[in-house]
Amino acid sequence: MNVTYDDEQMVEKVNPFDAVVKQIDIVGEKLKLDPSFIECLKHPRRIIIVSVPVRMDNGKIKIFTGYRVQYNMLRGPYKGGIRYHPRVDLDEVKALAALMTLKCAVVDIPYGGAKGGVTCNPKELSKSELERLTRCYTAMLLDEIGPYKDVPAPDVYTDAQTMAWIMDTYSQFKGYLVPEVVTGKPVEIGGSEGREGATGRGVALCAREAIKHLNIDNMKGLCVAIQGFGKVGKAAAKVLQEMGCEIIAVSDSKGGIHAPHGLDVQALIEYKNRTGQVAGFGDTKPITNEELLEFKCDILVPAALENVITEENAPRIKARIVAEGANGPSTPGAREILNKRGVFVVPDILANAGGVVVSYFEWIQNLHREHWDRTEVDKKLEEKMVKAYRDVAEMSRKHGVDLATSASMLAIKRLADAFERLGLFP
Ligand code: NAD
């Protein structure tokens, strides 16, 4: 696995879970929902914390802490990624699990929400240590995950190989192959065509819908800056360029680059795959991550980690549209400032939902032992994303609220409808 990351603290002191709970309360009041339902929605159904002993390459055993938060299953099995990062802690996993619950409801797919993670520094682990870590973490969760129970997927610093190890460990335990226990697998073992780039494609599709929403003629020549050049950032760059945009600035954990006349995205992807960084690519000027966020551009895509747009830097953001590729890249305070300043924010639970949509397609294909071609996957993804964008925009128009609020309203309304029919079980 090609792992790069840095320790840079770009974090405003916001408890990520408190921020989600606050949003749930706001929506509950706006929609006048049953307070007991809102109370249920503010608590994860199950929190699993495991100690993961891993034999390191030097023969010694090291214990890592792993989490799985199964937030809500009102609309279907728990669903959510697994993150390997030194900053993983319970509040972060709870917040991401709650956001997954809302995200699956916004795009109207039959899943609940979950998230997992292991507090570790993948940069310091060899491939075989990562494999042992993943297999042991999976073994600790064997009774908790399953195709109709909880279906993990990749997130920050986990990838298709990680999912293959999970599937293999789970299948050994069952005694037969169970590809539908995870999504985001390699295509050769049941992964979906188009899954790897699906989140980035979804971000680009949402940016395109936002452009139409703002009555801007077309995408041709619009300038884009992207923070984070991993799975999401690379795919968003590629699709936005295909749509006619110029990608003028990109960054990753090692720094950023600026090319006023646009970057050759394919060549940059190859360079990043080869060197592990974007810095030093071709005829570009070096910039910092902070400068990238404040670049004058039409579309800003934060696609790295959370809380990078804060109350401190929000007054200096010059983009017309912020399409949130990462989960929780803007703090609640920052979103308020951006709204007041007329910066149009397409929120994470809508903008980055393309990944879970194609995960859902992968799960259906696995359950039916089918394999859809790339054209079919991309077409179905586009239909889902455009429909979700329009549903959110309609809610925003009807209630006179911004897109972030209306996306949460739409999701929580759908969850409330299920709650009313089902009662307390979920
Ligand atoms: P990734 O591990 O593939 O890439 C992360 C990128 O962020 C890397 O380029 C890394 O260098 C960069 N980065 C890390 N720390 C940084 C820093 N301090 N400053 C600037 N860049 C930094 O991860 P990913 O899958 O692309 O996920 C990125 C974000 O998108 C995360 O918030 C994740 O939760 C979210 N997301 C991912 C998916 C998915 O399908 N992969 C789906 C929905 C949301």
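Reply: Let us begin with burial: a residue is buried under 20% relative accessible area, exposed over 50%, and partly exposed in between (1.4 Å probe, protein chains only). E209 counts as buried because its relative accessibility is 4%. The model is a predicted one, in which local features need pLDDT of at least 70 and side-chain atom pairs count only at pLDDT 80 or more, while totals for chains, interfaces and linings use all residues. Residues are numbered from 1 along each chain as its sequence is written, and side-chain values use heavy atoms, with hydrogens and water left out.

Me: With which residue does E209 form a salt bridge?

Reply: A salt bridge is a side-chain nitrogen of Lys or Arg within 4 Å of a carboxyl oxygen of Asp or Glu. The partner of E209 is R208, with the closest N and O atoms 3.2 Å apart. R208 counts as buried because its relative accessibility is 18%.

Me: How many salt bridges does the structure hold?

Reply: There are 33 salt bridges in the structure. One of them joins the side chains of R201 and D378 at 3.8 Å, N to O. This pair links distant parts of the chain, 177 residues apart: R201 is in helix 6 (residues 198-213) and D378 in helix 13 (residues 374-399). Helices (H or I, at least four residues) are DSSP runs, numbered from the N terminus.

Me: Are R201 and D378 buried or exposed?

Reply: R201 counts as buried because its relative accessibility is 18%, and D378 counts as buried at 16%.

Me: Which residues are linked in a network of salt bridges?

Reply: The network links R83, E92, K115, D155 and E306.

Key
Helices (H or I, at least four residues) and strands (E, at least two) are DSSP runs, numbered from the N terminus.
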